[in-house]
Amino acid sequence: MVITDYRVQSVLRTYTRQLQRSKLLAKSSRDSGGADSNSEKVSISGEGKRMMMERMTSQVLENMCPKQDDVGPAGKESVVGDGPVAEGSK
């Protein structure tokens, strides 16, 4: 892999800009008393957290275990399901 001078300079410029911005932000927050005036605090109820976890769980399960009537990438039926079983495997 070849890394050109231009790429190195670009990374260094970006890093320098990020450092300058972070220093300016730190200085402005110190000058304003340490409180960030643009920040918001969000709290989620226990019921909301439970609903979010259920939704995430169902999405993960749907992605891991596709439905039987789903069709695979080559137009073939999905491997997961109740297809023919070889004798003696049950």
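**View 1. R50 is partly exposed.** Its relative accessible area is 40%. Buried means under 20% relative accessible area, exposed means over 50%, and partly exposed lies in between (1.4 Å probe, protein chains only). The model is predicted: local features need pLDDT of at least 70, side-chain atom pairs count only at pLDDT 80 or more, and totals for chains, interfaces and linings use all residues. Residues are numbered from 1 along each chain as its sequence is written, and side-chain values use heavy atoms, with hydrogens and water left out.

**View 2. E47 and R50 form a salt bridge.** The N to O distance is 2.6 Å. A salt bridge here is a side-chain nitrogen of Lys or Arg within 4 Å of a carboxyl oxygen of Asp or Glu. Both residues lie in helix 2, three residues apart. That spacing is about one turn of the helix. E47 is partly exposed, at 43% relative accessible area.

**View 3. R50 also pairs with E54.** The closest N and O atoms of this salt bridge are 2.4 Å apart. R50 and E54 are four residues apart in helix 2, so about one helical turn separates them. E54 has 45% relative accessibility and counts as partly exposed. Shared partners join E47, R50 and E54 into one network of salt bridges. The whole structure has two salt bridges.

**View 4. Five residues make a nonpolar surface patch.** They are V42, I44, M52, M53 and M56. The patch covers about 490 Å². Patch residues have over 30% relative accessible area and no salt bridge; nonpolar side chains (Val, Leu, Ile, Met, Phe, Trp, Tyr) are joined within 5 Å, like charges within 9 Å. M53 sits in helix 2, which spans residues 46-64.

**View 5. The chain has two helices and zero strands.** Both kinds of element are DSSP runs, numbered from the N terminus: helices (H or I) need at least four residues, strands (E) at least two. Of the 90 residues in the chain, 1% are buried. The accessible surface comes to about 9100 Å². Carbon and sulfur atoms hold 56% of that surface. Areas come from the Shrake-Rupley method with a 1.4 Å probe; for residues, only the protein chains shown count as cover.
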